[in-house]
Amino acid sequence: MARAQAERRLYFEDVQVNVPLETPGITLTEAHVALFASLTTSRPGEPATVPDLLPLCVSSGLGWRVPQPPLVVLAFMGFEWRFFKPTRVGDTIRSVSKTVAKRSMKDGGVVIEERQILNQRDEVVQSGRLTLLVAKRPQT
Amino acid sequence: MSGEPVVYFEDVQLGEEYVSPGRTVTEADIVIFAGLSGDFNVLHTDAEHMKASLFGERIAHGLLGLSIQQGLLDRVIPGQTVGPLAAVKWKFKGPIKIGDTIHVEARVTAKKDGEQPGRGVVTVERRVVNQRGEVVQEGETDHVVGRRTV
């Protein structure tokens, strides 16, 4: 019997350095802000202001909406991030990212990703570098 | 605006320490965060897959832990001490599992001039600690804070 193919995944060996990847956009709404505030019990800011950390959180999901299969991330190890401009309700953000370095380890490999979050005016609102531990392709 | 007292750059004391209340991270937190962020990685969403993993079970998104600690610390830092975020340097050191209770220990480690004359930058070192006293996340955040005297 035919079976749907298991989800394709990208492994450490498949990661290409310096190839930019742009995601589709997402419009940030009052619903996003309310959900995030209730989840984090953050102090409410001005109503139309998107909390600083929300665009970063949403950008991790945008990375799943690109034509290539998802990377098999074993752990998110850390990141350095800068905030340049506020994001407001109604803004549409997207991210542009690329791998700037990869380093093979005994179990898996470390991938350094540079990511920018842009708004509908192509302004960079946040950017930084993320360090990910990625699985190697299983030996068959 | 909220009725909280305004705290200026001059009011923030170097070495000032804060300890947040605790919060138990639940399965519901993880499900809501997956939906909100769109990050459905198996690490956070597939209980069966994770049984065979290094962690043995689903773990919270690192950025969920970061977001929760931000909310926890907001509850104990007075007024606008930590204004908008300017920068974050962060390390995820261990997993936050369903049912873990985390709190934040923070300290003001630096005060410096901002890029604009009426502002200063405050650096806060933060550690996210679980119920066993293990540091699961740590890092520092830079905040832009207004000056009393311009």
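The questions and answers below go from the whole model to its details.

User: What ipTM does the predictor give the complex?

Analyst: This is a predicted model, so its scores come before its details. Chain B averages a pLDDT of 92, and 93% of its residues score at least 70. For the complex, the predictor gives a pTM of 0.93 and an ipTM of 0.92.

User: In what order do the elements of chain B run from the N terminus on?

Analyst: Chain B contains four helices and six strands. Its C-alpha atoms fill a box of roughly 60 × 30 × 30 Å along the principal axes. Read from the N terminus on, the elements run β-β-α-α-α-α-β-β-β-β.

User: Among contacts in chain B between residues at least 6 apart in sequence, what share joins residues at least 24 apart?

Analyst: Chain B has 150 residues, and buried residues make up 37% of them. Among its contacts between residues at least 6 apart in sequence, the share that joins residues at least 24 apart is 72%.

User: Which element gives the most to the side of chain A that touches chain B?

Analyst: The contact takes 27 residues from chain A and 26 residues from chain B. On the chain A side, α1, α2 and β3 (73-83) each supply at least two residues. That side divides into 16 nonpolar, seven polar and four charged residues. With ten residues, the element that gives the most is β3(A).

User: Which residue of β3(B) stands opposite R82(A)?

Analyst: The strand β3(A) is joined by five bridges to strand β3 (residues 85-92) of chain B, and the two run antiparallel. Within β3(B), the residue opposite R82(A) is A87(B).

User: Why do the buried residues of α1(B) lie on the same side of the helix?

Analyst: Helix α1 of chain B spans residues 27-37, and its buried residues are D29(B), I30(B), F33(B), L36(B) and S37(B). They lie on the same side of α1(B) because the arc they cover around the axis is only 130°.

User: Which residues are exposed on the other side of α1(B), and what covers the buried ones?

Analyst: The cover over the buried residues of α1(B) includes α1 (30-40) and α2 (54-62) of chain A, together with α2 (42-45) and α4 (62-74) of chain B. After the helix comes G38(B), whose phi is positive, near 80°. On the other side of α1(B), the exposed residues are E27(B), A28(B) and G35(B).

User: Is I117(A) buried or exposed?

Analyst: I117(A) is found in strand β5 (residues 109-118) of chain A. A residue counts as buried if 20 or more other C-beta atoms lie within 10 Å of its own. I117(A) has 26 other C-beta atoms within 10 Å, so the word for I117(A) is buried.

User: How far apart in space are I117(A) and D52(A), C-alpha to C-alpha?

Analyst: Leaving aside neighbours within four places in sequence, I117(A) is in contact with residues including P55(A), S59(A), I93(A) and V125(A). In sequence, I117(A) and D52(A) are 65 residues apart. In space, C-alpha to C-alpha, the distance between I117(A) and D52(A) is 12 Å.

Key: Residues are numbered from 1 along each chain as its sequence is written. Chains are lettered from A and ligands numbered from 1 in the order in which they are written. This is a predicted model: local features need pLDDT of at least 70, side-chain atom pairs count only at pLDDT 80 or more; totals for chains, interfaces and linings use all residues. A residue is buried if 20 or more other C-beta atoms lie within 10 Å of its own, exposed if 12 or fewer, and partly exposed in between; C-beta atoms are placed from the backbone. The arc is that of the directions from the helix axis to the C-beta atoms. Two residues are in contact if their C-beta atoms, placed from the backbone, lie within 7 Å. pLDDT is the predictor's confidence in each residue, from 0 to 100. Ala, Val, Leu, Ile, Met, Phe, Trp, Tyr, Cys and Pro count as nonpolar, Asp, Glu, Lys and Arg as charged, and the others, Gly among them, as polar. Two strands pair if DSSP finds at least two bridges between them.
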